[in-house]
Amino acid sequence: MSIKTTHDVTGLDQLDPGVHPARDAVHFRRILAARQEIAAAEQELRDAVKAARDAGESWTVIASALDTTRQAAQQRFGGN
């Protein structure tokens, strides 16, 4: 039987219990959840822009939906 371990990327393994007393991690979990939601929303936005381009929409139309300039939209999403 082997046990798989993973490196803790949260930084919690670096906390010193003597300096940082135990407390509810509700805020920490909320921050992590919000970061995951941002990543999912960013992926959805990239997918939506790609679908719009694949359907023939212009960078001007996409930029209008993004409330930015055509050049900014193309720079941000043009390579995707």
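Colleague: Where does Gly78 lie?
Modeller: This is a predicted model: local features need pLDDT of at least 70, side-chain atom pairs count only at pLDDT 80 or more, and totals for chains, interfaces and linings use all residues. Residues are numbered from 1 along each chain as its sequence is written, and side-chain values use heavy atoms, without hydrogens or water. Helices (H or I, at least four residues) and strands (E, at least two) are DSSP runs, numbered from the N terminus. On that numbering, Gly78 is in the segment after H3.

Colleague: Which residues does Gly78 touch, not counting residues up to four places away in sequence?
Modeller: Gly78 is partly exposed, at 44% relative accessibility. That class sits between buried (under 20% relative accessible area) and exposed (over 50%), with a 1.4 Å probe and protein chains only. Contact means heavy atoms within 4.5 Å. By that rule Gly78 touches Trp59 and Ala73.

Colleague: How many Å separate the C-alpha atoms of Gly78 and Val49?
Modeller: Along the chain, Gly78 and Val49 are 29 residues apart. Val49 is one of the H1 residues that make the contact with H2. Its C-alpha atom and that of Gly78 are separated by 9.2 Å.

Colleague: What pattern does the protein follow along the sequence?
Modeller: The protein has three helices and zero strands. Read along the sequence, this gives α-α-α.

Colleague: Are H1 and H2 roughly parallel or roughly antiparallel?
Modeller: Axes are lines fitted to C-alpha atoms, for helices over the stretch in contact, and angles run from 0 to 180 degrees between N-to-C directions. The axes of H1 (residues 26–54) and H2 (residues 59–66) come within 10 Å and cross at roughly 150°. Under 35 degrees counts as roughly parallel, over 145 as roughly antiparallel, 65 to 115 as roughly perpendicular, and the rest as oblique. H1 and H2 are therefore roughly antiparallel.

Colleague: How many charged residues does the contact of H1 with H2 have?
Modeller: H1 brings Leu45, Val49, Ala52 and Arg53, and H2 brings Trp59, Ile62 and Leu66. Ala, Val, Leu, Ile, Met, Phe, Trp, Tyr, Cys and Pro count as nonpolar, Asp, Glu, Lys and Arg as charged, and the others, Gly among them, as polar. The contact has six nonpolar residues, no polar ones, and of charged residues, one.

Colleague: At roughly what angle do the axes of H2 and H3 cross?
Modeller: The contact uses Trp59, Thr60, Ala63 and Leu66 of H2 and Arg70, Ala73, Gln74 and Phe77 of H3. The two helices are roughly perpendicular. Their axes come within 8 Å and cross at roughly 95°.

Colleague: Why do the buried residues of H2 sit on the same side?
Modeller: The buried residues are Trp59, Ile62 and Ala63. They pack against H1 and H3. The face turned away carries the exposed residues Thr60, Ser64 and Ala65.

Colleague: What is the phi of Asp67 near?
Modeller: Asp67 is found in the loop between H2 and H3. It is exposed, with a relative accessible area of 73%. Its phi is positive, in a residue other than glycine, and is near 60°.

Colleague: Which residues is Glu57 in contact with, leaving aside neighbours within four places in sequence?
Modeller: Glu57 is in the loop between H1 and H2. It is partly exposed, at 36% relative accessible area. Its contacts are Ala52 and Ile62.
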